[in-house]
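Hello,

Please find the structure below. My notes on it follow.

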Amino acid sequence: AVFAFEGAISLTIPCCNSVMPSDRGNVMYMYMVTIFAIWLFYTSYGIVSYLSWGADVQVIVSMSLPQTFWPGTLVRLLYVVAVVLTFPLQLYPVTVTMLGFVHSFFDGDGSGAEGLRGSKEEGREDGLEDQMIGRVSGGS
């Protein structure tokens, strides 16, 4: 059960830091609501599974579902989609750390950082961030 909240704090701190200061008061409330909703979902799913299959329920509860498309295959497919969509969020702390390093490396010595970061004349202040986040999240 603890594994459901495994990466929560390592993602919370960087996400909290990236929120506008005026909105930071809502972050903890939203975090608590989200954690409660996840807990409620997993608890409900476990109780319903136990009531449906009794002690014969498998450790991986979704494997106890019927092998037909509904509900078995569809639930497993949606689970795969949910896991795949979390990868950009999991890599967010790494992206923030890399951006800090890259900015400190290029901004300190004046070696062409403006070319990497984009040009204000083009209306692009954060070209490097856009490129890195796009690549990390699977975009082009």
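Which residues form one aromatic cluster? Phe41, Tyr42 and Tyr45 do. The model is predicted, so to speak of local features pLDDT must be at least 70, side-chain atom pairs count only at pLDDT 80 or more, and totals for chains, interfaces and linings use all residues. Numbering starts from 1 along each chain as its sequence is written, and side-chain values use heavy atoms, with hydrogens and water left out.

Aromatic pairs: rings of Phe, Tyr and Trp (its six-membered ring) pair if their centres lie within 6.5 Å; planes under 30 degrees apart are stacked, over 60 edge-to-face, the rest tilted. By this rule there are three aromatic pairs. One of them joins phenylalanine 41 and tyrosine 42, edge-to-face, at 5.7 Å centre to centre with 65° between the planes.

Phenylalanine 41 is exposed because its relative accessible area is 52%, while tyrosine 42 is partly exposed at 43% (buried is under 20%, exposed over 50%, partly exposed in between; 1.4 Å probe, protein chains only).

Nonpolar patch: Phe41, Tyr42, Tyr79, Val80, Val83, Val84 and Phe87 form one on the surface, with about 700 Å² of accessible area together. Helix 2 (24–53) and helix 3 (69–85) each give two or more residues, and helix 3 gives the most, four. Helices are DSSP runs (H or I, at least four residues), numbered from the N terminus.

Proline 71 also lies in helix 3; the peptide bond from tryptophan 70 to proline 71 is cis, with omega near 0°.

Regards

Notes
Patch = residues over 30% accessible without salt bridge, like charges linked within 9 Å, V, L, I, M, F, W, Y side chains within 5 Å. Areas by Shrake-Rupley, 256 points an atom, 1.4 Å probe, with all protein chains shown as cover. Salt bridge = Lys/Arg side-chain N within 4 Å of Asp/Glu carboxyl O.
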